[in-house]
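Please look over the sequence and the structure below before reading on. The paragraphs that follow take the parts in turn.

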Amino acid sequence: MTSSSERPLLFLDVDGPLIPFGSSAGHWEIAATSSTTADQGNPLLARLDPGIGARLTALGCRLVWATTWMEEANEVVAPRIGLPRLPVLEWPDTDAGGTPQGLHWKTRPMVEWAAGRPFIRVDDEISATDRLWVDASHPGPSLLHRVEPAKGLSGTDFGALAAWLDAVAPS
């Protein structure tokens with residue numbers, strides 16, 4: 001994999017994977033570097049691990065925000081965790097084609113964005129229906145990796161992502 005377009009995509013959610021919902025004990029406490037409407041009064045931002053951006057970048061994927069934070073992920077989250085501006089997956093206003101029961105509303109837009117390229121989805125809301133639908137609808141390799149929302153992305157999660165990437169890397 002030599003070019004950015006050939007690297008697997010990594011669709012990244014914020015709430016749950018990057019901002020854990022569990023107890024704040026043991027989570028990073030960092031001062032706000034800027035104040036925007038998105039981060040004013042949001043105490044959960046203190047749970048962001050400032051080193052996680054480097055770990056995500058080291059995976060060698062093309063990172064894409066796949067979060068309801070949308071562009072605010074670039075403005076508020078990315079600077080706190082050491083990531084550059086990332087592309088943002090835009091969500092459709094309505095589901096024109098209908099969504100199969102049990103399929104997460106993020107799944108179809110991700111598969112469309114990936115357009116057959118290998119991808120990883122890192123999210124805390126992934127179901128068996130999502131996995132089955134992606135297997136049937138996406139011709140390339142994919143990994144739908146569910147993160148425990150109370151803990152956020154952990155070393156174990158990074159190990160699973162790296163192992164999958166090693167398995168799909170061209171020889």
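Helices and strands are here DSSP runs, a helix having at least four residues and a strand at least two, and they are numbered from the N terminus. The model is a predicted one.

Strand β1 covers residues 9-12. On one side, β1 pairs with β2 (residues 62-65) in the parallel sense, over 4 bridges. There, Arg62 of β2 is the bridge partner of Leu9. To strand β3 (residues 119-123), β1 is likewise joined by 4 bridges, and these two strands run parallel. Leu9 stands opposite Phe119 in β3, and Leu12 stands opposite Val122 in that strand.

Which way do the residues of β1 point? Leu9 and Phe11 point one way, Leu10 and Leu12 the other way, and all are buried. In a regular strand the side chains alternate between the two faces of the sheet.

Next come the nonpolar cores. The largest has 31 residues, of which Leu10, Leu18, Leu56, Trp65, Ile120 and Leu153 touch the most other members. Two or more residues of this core come from each of β1, α1 (52-58), β2, α2 (72-81), β3 and α5 (155-168). The most are given by α2, with 5 residues. What does Leu56 touch, if residues up to four places away in sequence are not counted? The residues touched by Leu56 are Leu12, Leu18, Leu63, Leu83, Leu153 and Phe158. There is also a second, separate core of 15 residues, which includes Phe11, Leu103, Val134 and Leu144.

Now back to Asp13. Is this residue buried or exposed? A residue is called buried when its relative accessible area is under 20%. Asp13 has a relative accessibility of 5%, so it counts as buried. Leaving aside neighbours within four places in sequence, Asp13 is in contact with Leu18, Ala66, Thr67, Lys106, Val122, Asp123 and Asp124. With Lys106, the side chain of Asp13 makes a polar contact of 3.1 Å.

Asp123, one of those contacts of Asp13, is found in strand β3. Asp123 counts as buried because its relative accessibility is 0%. The side chain of Asp123 is joined to that of Lys106 by a polar contact of 3.1 Å. A polar atom of the Asp123 side chain also lies 3.0 Å from the backbone nitrogen of Glu125. Not counting residues up to four places away in sequence, Asp123 touches Asp13, Pro17, Lys106, His145, Arg146 and Val147.

Key:
Residues numbered from 1 in each chain as written. Predicted model: local features only at pLDDT ≥ 70, side-chain atom pairs only at ≥ 80, totals over all residues. Heavy atoms only, no water. Buried < 20%, exposed > 50% of the residue type's maximum accessible area, 1.4 Å probe, protein only. Pairing = 2+ DSSP bridges. Core = buried A, V, L, I, M, F, W, Y, C linked by side-chain atoms within 4.5 Å. Contact = heavy atoms within 4.5 Å. Polar contact = N/O pair within 3.5 Å; in protein donor to acceptor, adjacent residues only side chain to side chain.
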